[in-house]
Amino acid sequence: MNIVKRLMPLLCVLLVLFAVSVTSSCSRNNESSVKDVVKNKLDQLKNLNSETTQKYIPYKELFPDATENTNLSDEINEVFSLFFQKFDYEILDVSVDAANNSATASVKLTTIDAQALARDFAAELLRTRITEAAQAQTGSIKDSSKSLEAHYLILNQLLKNNEYDSAETNCSIPLVNTGSDKKEKWEIQCTNSLENELVGGLIADLADPDILSPENTLTVYLDTLEKLDLKEMSSYLGVVNIMNTDDPAKNSIAAALVEQVRKNFKYHTINEQI
């Protein structure tokens, strides 16, 4: 009996140590499982698995205001292929909340400089819209600047023709255990925030109405006007209606006026105030 009494404290200590060891082992297993899921998905983005890309970054999310076009697969795949050329990642930490069947992975992402790309896109889209406005009464307008296809074509050309630096951002990836305690099944929860983070903030940057400064906006605007031909300038200045008359003298005067505007149009920015 005395032996049993002496052994009881030791047994209690051993049971506590065993429980801690089991809990610690389960926690490590959970973290390892979560890390494997995150690694698998990010590797697919890194190696450009188009199915994974579409799941976590739906192509419509980049341009929610654009009109829909269903024939976009080639353009979309090429844009994402070019965008993710510099994609890389490092899993910094994994935390598991077993009680709530949830987990979070902290990851450092490397992407191309999304803000620089968004600025270039905004400038090119503005040029397109000005040119189309100038062509509005010439009969050659396509109104392509509003279509989803046109947006991706612009991105495609920018990514092909320009060299963008890499940028690093921190990302939090939420996961949920859709399985059971005995058989885990961790899945990444796709959120708007995660979509934006996986592309280095590109979705937010493209939606930023102030991505171009007032000076840059004006520069794009005036540079585009300088490059319009006579017919486009006439349309943009609203002279087309004057020129479309049966009076040769009026047409001649209007054409001469627009030509003088084109030949003498110059500008420089004095200052900028916001």
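Contact is taken here to mean heavy atoms within 4.5 Å. The structure is a predicted model, in which local features need pLDDT of at least 70 and side-chain atom pairs count only at pLDDT 80 or more, while totals for chains, interfaces and linings use all residues. Residues are numbered from 1 along each chain as its sequence is written, and side-chain values use heavy atoms, with hydrogens and water left out.

The confidence of the predictor in each residue is expressed as pLDDT, from 0 to 100. For the protein, the mean pLDDT is 80, and 80% of the residues reach 70 or more. Over residues 13-27, pLDDT stays under 50, and the model has zero contacts beyond four places in sequence for this stretch. Where pLDDT is low, the predicted coordinates should not be read in detail.

The protein contains 12 helices and four strands; helices (H or I, at least four residues) and strands (E, at least two) are DSSP runs, numbered from the N terminus. Of the 274 residues, 33% are buried, where buried means under 20% relative accessible area, exposed over 50%, and partly exposed in between (1.4 Å probe, protein chains only). Among the contacts with a separation of 6 or more, 73% join residues 24 or more positions apart.

Helix 1 (residues 2-46) includes serine 33, which counts as partly exposed because its relative accessibility is 26%. Beyond its neighbours within four places in sequence, serine 33 is in contact with Glu184 and Trp186. The C-alpha atoms of serine 33 and lysine 185 are 8.6 Å apart in space, although 152 residues separate the two in sequence.

The loop between strand 1 (88-97) and strand 2 holds asparagine 101. Its phi is near 50°, a positive value in a residue other than glycine. Most residues other than glycine have a negative phi. Asparagine 101 is partly exposed, with a relative accessible area of 29%. Within strand 2 (residues 102-112) lies threonine 110, which counts as buried because its relative accessibility is 18%. Apart from neighbours within four places in sequence, the contacts of threonine 110 are Lys86, Phe87, Asp88, Ser166, Ala167 and Glu168.

Of its 24 lining residues, Phe121, Leu125, Arg129, Leu206 and Ala207 are the closest to the centre. A pocket is defined on a 1 Å grid over the protein atoms alone, as an open set of points where a 1.4 Å probe fits, with protein on both sides within 12 Å along at least five of seven lines; lining residues have an atom within 4 Å of a point. Helix 3 (59-62), helix 5 (114-134) and helix 8 (202-207) each contribute at least two residues to the lining of this pocket, and helix 5 gives the most, with six residues. The lining comprises 15 nonpolar, three polar and six charged residues; Ala, Val, Leu, Ile, Met, Phe, Trp, Tyr, Cys and Pro count as nonpolar, Asp, Glu, Lys and Arg as charged, and the others, Gly among them, as polar.

Threonine 219, in helix 9 (residues 214-226), is partly exposed because its relative accessibility is 24%. A C-alpha separation of 8.3 Å is found between threonine 219 and threonine 269, which are 50 residues apart along the chain. Helix 12 (residues 248-264) contains alanine 256, which is partly exposed at 42% relative accessibility. The C-alpha atoms of alanine 256 and leucine 230, 26 residues apart along the chain, are separated by 9.7 Å.
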